[in-house]
Amino acid sequence: MKLWTYLDIPNWENIRDEVNTWFAQEYPNIEEVKMLTFLPNQVIFNAVPSFKLWLDENNIEVIGFGIFTFRYTETTENITENTYGGNIVHTDLANPTTYRFNIPLMNTIGSVTEFFDSPIEKAIEAANASATEDSPTRMWKFGDEGPLLDSFVLDRPAILNVKVPHRVRMTNRLPRICLTVCPANDEQLLKFL
Ligand SMILES: [Fe+2]
């Protein structure tokens, strides 16, 4: 199963610019922005009709747009069971599909998305330790993530496997923001992989 691939969306920079404009208007104070902000489909479709056209041409039905805002974490000590961050190795169990695609919005260059070959017993242990009703995500303890399988930089749109344990290793103290797009099913993205 492929872990990731870049995705060629024509004029994706228009999507980035329009979403950034909407986001800045809706959330003028970036400090108050949660890790995941849902974005109504119609906002994107109205703002970037060419993206809607591209999705339709490629038979991709979007069930959700979200904006991820990851923040740099200074040390491992201040991460608790209730802290969720893309910079902790995790698997996105709440996500209905294996694949999503992400479009960079801000400060993504330099940070690295990494995939790990994590042993399943550690996954179960970590799952029991970290999953809550609010955050049905499985996080690995530091040091338990296993060998690095692959990595990439989100400097353009990319499809990624969100079930394989992964993290974003932050290299930047500014919030790292991307748009994530969830298709109705994996088959809609398979032709790109
Ligand atoms: Fe994730």
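# Close-up views of a predicted chain

**View 1. The whole chain.** Of the 193 residues in the chain, 28% are buried; a residue is buried if 20 or more other C-beta atoms lie within 10 Å of its own, exposed if 12 or fewer, and partly exposed in between, with C-beta atoms placed from the backbone. The model is predicted: local features need pLDDT of at least 70, side-chain atom pairs count only at pLDDT 80 or more, and totals for chains, interfaces and linings use all residues. Residues are numbered from 1 along each chain as its sequence is written. The secondary structure comprises five helices and eleven strands, where helices (H or I, at least four residues) and strands (E, at least two) are DSSP runs numbered from the N terminus. Among contacts between residues at least 6 apart in sequence, 87% join residues at least 24 apart; two residues are in contact if their C-beta atoms, placed from the backbone, lie within 7 Å.

**View 2. Confidence along the chain.** The pLDDT, which is the predictor's confidence in each residue from 0 to 100, averages 85 over the chain, and 82% of the residues score at least 70. Confidence is highest in strand β1 (residues 4–6), at a mean of 98, and lowest in helix α4 (residues 120–130), at 66. Over residues 76–84 the pLDDT is below 50, and this stretch has ten contacts in the model beyond near neighbours in sequence. Where pLDDT is low, the predicted coordinates should not be read in detail.

**View 3. The six-stranded sheet.** An open sheet is formed by six strands in the order β1-β9-β5-β11-β3-β2, with antiparallel pairing; two strands pair if DSSP finds at least two bridges between them. The edge strands, each pairing on one side only, are β1 and β2 (36–39). On average, neighbouring strands of this sheet are turned by 25° against each other, direction ignored. Such axes are lines fitted to C-alpha atoms, for helices over the stretch in contact, and angles run from 0 to 180 degrees between N-to-C directions. Helix α1 packs on the sheet, where α1 touches β3, β5 and β11, and the direction of α1 makes about 70° with that of β5.

**View 4. Strand β9 and its partners.** Three bridges pair β1 with β9 in the antiparallel sense, and Tyr 6 stands opposite Ala 158 in β9. Strands β5 and β9 also run antiparallel, joined by four bridges; the bridge partner of Phe 101 in β9 is Ile 159. Both faces of β9 are covered, with Ala 158 and Leu 160 buried on one side and Ile 159 and Asn 161 buried on the other.

View 5. Strand β2 is joined by four bridges to strand β3 (residues 62–70), and the two run antiparallel. Within this pairing, Phe 65 in β3 is the bridge partner of Leu 39.

**View 6. The nonpolar cores.** A nonpolar core is a set of buried Ala, Val, Leu, Ile, Met, Phe, Trp, Tyr and Cys residues joined through C-beta atoms within 7 Å. The largest has 21 residues, of which Val 19, Leu 105, Ala 158, Ile 159, Leu 160, Cys 178 and Leu 179 touch the most other members. At least two residues of this core come from each of α1 (12–26), β5 (99–106), β9 (158–161) and β11 (176–183). Apart from this core lies another, of five residues, among them Ile 88, Phe 115, Phe 116 and Trp 140. Leaving aside neighbours within four places in sequence, Val 19 is in contact with Ile 44, Leu 105 and Leu 179.

**View 7. Two asparagines with positive phi.** Asn 11 is found in the loop between β1 and α1, and Asn 59 in the loop between α3 (49–57) and β3. The phi of Asn 11 is near 55°, a positive value in a residue other than glycine; the phi of Asn 59 is likewise near 55°. Most residues other than glycine have a negative phi. Asn 11 is exposed because 12 other C-beta atoms lie within 10 Å, and Asn 59 counts as exposed because there are 11 C-beta neighbours inside 10 Å.

**View 8. The loop at Asp 186.** Asp 186 lies in the loop between β11 and α5 (187–190). With 14 other C-beta atoms within 10 Å, Asp 186 is partly exposed. Not counting residues up to four places away in sequence, Asp 186 touches Thr 97, Thr 98 and Tyr 99. Asp 186 and Thr 98 are 88 residues apart in sequence and 6.5 Å apart in space, C-alpha to C-alpha.
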